[in-house]
Amino acid sequence: MRDFLHSEIVAMTDMPNLPDDPDLAIAAGRKLCERLLEPLQATFGRLAIRSAYRSPEVNAYGNAHFQNCGSNERNRARHIWDQRSKDGGMGAMTSIVVPWLVDHLERFPAA
């Protein structure tokens, strides 16, 4: 969970990045791990988490100051794991780097 809570915005601003509903955030994160991240890691080795959970405050700050975060409404049940989407869905997403792919880029020439 530590990797998921890390944020470059938080590192620059000291804003807290903790879920208001930890149970929902953990449930969403668990599904993300079980269904996507663990199978990827089993195949390719260690993954690097770039951006995962964002509190609504951190996400809104990124949207307002850097334009690199979607709106809070768009990111509910995406990067904002502890809020359900407009239609009631639970979800979580993350941006990752797969070091194995980076290490083997030369094996896959550009088309």
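The entries below go from the whole chain to single residues.

**Ground rules**

I am working with a predicted model, in which local features need pLDDT of at least 70 and side-chain atom pairs count only at pLDDT 80 or more, while totals for chains, interfaces and linings use all residues. Residues are numbered from 1 along each chain as its sequence is written, and side-chain values use heavy atoms, with hydrogens and water left out.

**Overall layout**

I first looked up the secondary structure and found six helices and two strands, where helices (H or I, at least four residues) and strands (E, at least two) are DSSP runs numbered from the N terminus. Along the sequence these elements follow the pattern α-α-α-β-α-α-β-α. The C-alpha atoms fill a box of roughly 45 × 30 × 25 Å along the principal axes.

For the surface I noted an accessible area of about 7,200 Å², with 53% of it belonging to carbon and sulfur atoms; the areas come from the Shrake-Rupley method with a 1.4 Å probe, and for residues only the protein chains shown count as cover. Of the 111 residues, 33% are buried, and I use buried for under 20% relative accessible area, exposed for over 50% and partly exposed for what lies in between (1.4 Å probe, protein chains only).

I also looked at contacts (heavy atoms within 4.5 Å). Among those with a separation of 6 or more, 64% join residues 24 or more positions apart.

**Nonpolar cores**

Which residues make up the largest nonpolar core? I listed 12 residues: Phe4, Ala25, Ala28, Leu32, Cys33, Leu37, Leu47, Ala52, Tyr53, Trp81, Ala92 and Val98. Helix 3 (residues 22-44) gives the most to this core, with five residues. Apart from this core lies another, of five residues, among them Ile9, Met15, Val58 and Cys69. By nonpolar core I mean a set of buried Ala, Val, Leu, Ile, Met, Phe, Trp, Tyr and Cys residues joined through side-chain atoms within 4.5 Å. As background, nonpolar side chains in soluble globular proteins tend to be buried together.

I then followed two members of the larger set. Ala25 is found in helix 3 and counts as buried because its relative accessibility is 0%. Leaving out residues up to four places away in sequence, Ala25 touches Pro19, Trp81 and Asp82. Ala25 and Met1 are 24 residues apart in sequence, and their C-alpha atoms are 9.9 Å apart in space. With the same exclusion, Leu47 touches Leu37, Leu40, Gln41, Ile96, Val97, Val98 and Pro99.

**Aromatic rings**

I counted four aromatic pairs, taking rings of Phe, Tyr and Trp (its six-membered ring) as paired if their centres lie within 6.5 Å, with planes under 30 degrees apart called stacked, over 60 edge-to-face and the rest tilted. Phe44 and Trp100 form a tilted pair, 5.3 Å centre to centre with 50° between the planes. This pair links distant parts of the chain, since Phe44 is in helix 3 and Trp100 in helix 6 (residues 99-103), 56 residues apart. Phe44 counts as partly exposed at 26% relative accessibility, and Trp100 is likewise partly exposed at 28%. I also noted that Phe4, Tyr53 and Trp81 form one aromatic cluster, and that these three residues are listed in the largest nonpolar core.

**Backbone at two loop positions**

Most residues other than glycine have a negative phi. Asp14, not a glycine, has a positive phi of about 65°; Asp14 lies in the loop between helix 2 (8-13) and helix 3. Ala77 also has a positive phi of about 65°, and its place is in the loop between helix 5 (72-75) and strand 2 (95-97). Is each side of this comparison buried or exposed? Asp14 is exposed, with a relative accessible area of 70%, whereas Ala77 counts as buried at 14%.

**Two last residues**

Ser51 is found in strand 1 (residues 48-51) and is buried, with a relative accessible area of 17%. Not counting residues up to four places away in sequence, Ser51 touches His79, Met93, Thr94 and Ser95. Arg35 lies in helix 3 and is exposed, with a relative accessible area of 64%.
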